[in-house]
Amino acid sequence: MNVRLYLWQRATAAVMAPLVMVHIAVIFYATRHGMSAADILSRTRGSIAWAAFYGLFVFAVSIHASIGVRNILNEWIPVNERRIDACAVFFGLVLAALGLRAVAAVVLS
Amino acid sequence: MTTELSVSLWRGARNGRYETYRVPLRSSQTVLDVVTFVQRHIDPTLSYRFACRVGVCGSCAMTVNGKPRWTCRTHVAKVAGGGKLEIGPLENLPVIKDLTTDMQPFFEKWQQAKGVFAPTQTRNDPIAQIKPDTPARKAADAAIECINCGVCYAACDTVRWTGDYLGPAALTRAWTLVNDERDGGNGVRLQAIAGAGGCHTCHSHQSCQELCPQALNPTAAIAALKRRTAAAYLKGEIAV
């Protein structure tokens, strides 16, 4: 871990903290009001705000988690650093692709 | 009442084993006394390192019942539960023989962390007047009593997991010098500790703080270095 990765990981954690709180609040709201999947989708479809909210969340998670995975691999697996970097980047891209696909599913469809 | 200790000592190099000895239990006995008894009365081929015997030199650190300690300042009565002691070489360092480790990697990391004072004046200049109550001087003083015993380095999980991690002692030394107003090497020093294996590798497990025989707090020093290097990086003063 160097200072650049450290700052990216801390910055993305700082971004995620309020987003997670809002996300949990949304879950509570939806379950308390007995909202169905159709009710939720009717509110999220076409919403630029929800797309931006969860898009930012996916972006932050992908960077944060891939740096964490890089650290774990670096400490636990005796493989050279380039391969570990490649694994971490791949992991981040997979997270981003899956996350953005999920966001598209609730916003665009 | 027990009159003997059962003492297991590491014998051999990396692929050695523990061997058990019976040592008379005495009052005010230190772990170093026990090791010395074995060498002088049972097996003179036992290798170990010590010098001052009073907690000044930092050369007698060993692993005592699973934890790194100064053996000269560790009383048997405090650590030998059930009359048993297991004494091994320090962790995270190559074993030369028995209880003696090769400290070279430890001191090389001090060099890598730029733990050497970089003077800004010569001996011909007047002696610098240092105010003892400034925040920087207090931060420098906080860890100035480190005697390089290697206990924190042996206690550190991150050192165990990450071979190039500089470790708590070297980074604490760096933090001391970062705060020394007479030192002129901070540009190079911050650059050295901001890269891979530097201060940001620390997980803040705090084993170093818990086991430091001098009651120093390397974890706090490393946390402060993280903040200082992050600020320097954001200002463009260092690059990685």
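1. Where in chain A is confidence lowest, and where is it highest? In this predicted model, helix H2 (residues 37-44) of chain A has the lowest confidence, at a mean of 92, and helix H1 (residues 3-32) of chain A the highest, at 96. The confidence is pLDDT, which the predictor gives for each residue on a scale from 0 to 100. Helices (H or I, at least four residues) and strands (E, at least two) are DSSP runs, numbered from the N terminus.

2. Residues are numbered from 1 along each chain as its sequence is written, and chains are lettered from A and ligands numbered from 1 in the order in which they are written. Local features need pLDDT of at least 70, side-chain atom pairs count only at pLDDT 80 or more, and totals for chains, interfaces and linings use all residues, while side-chain values use heavy atoms, leaving out hydrogens and water.

3. On confidence as a whole, chain A has a mean pLDDT of 94, with 99% of its residues at 70 or more. For chain B the mean is 95, and 99% of its residues reach 70 or more. For the complex, the predictor gives an ipTM of 0.82 and a pTM of 0.89. Where pLDDT is low, the predicted coordinates should not be read in detail.

4. Chain B contains 10 helices and seven strands. Its C-alpha trace spans about 65 × 40 × 30 Å along the principal axes. Of the 240 residues in chain B, 48% are buried; buried means under 20% relative accessible area, exposed over 50%, and partly exposed in between (1.4 Å probe, protein chains only). Among contacts (heavy atoms within 4.5 Å) in chain B between residues at least 6 apart in sequence, 62% join residues at least 24 apart.

5. The interface draws nine residues from chain A and 16 residues from chain B. Together the two chains bury about 1200 Å², 63% of it on carbon and sulfur atoms. Met1(A), Val3(A) and Glu75(A) supply 48% of the area that chain A buries against chain B, more than any other three residues. Buried area is the accessible area (1.4 Å probe) that two parts lose on being put together, summed over both.

6. Across this interface the rule finds three residue pairs in polar contact, both residues at pLDDT 80 or more. A polar contact is a pair of N or O atoms within 3.5 Å; within protein, one must be able to donate a hydrogen and the other to accept it, and residues adjacent in sequence count only if both atoms are side-chain atoms. H1 and helix H3 (48-76) of chain A each supply at least two residues of the side of chain A that touches chain B. The largest share of that side, four residues, comes from H1(A).

7. Is His200(B) buried or exposed? His200(B) counts as buried because its relative accessibility is 2%. His200(B) lies in the loop between helix H8 (186-194) and helix H9 (207-211) of chain B. Not counting residues up to four places away in sequence, the residues that His200(B) touches include Met1(A), Asn2(A), Val3(A) and Tyr6(A). A polar contact of 3.2 Å joins the side chains of His200(B) and Thr229(B).

8. Phe90(A), in helix H4 (residues 81-107) of chain A, counts as exposed because its relative accessibility is 58%.
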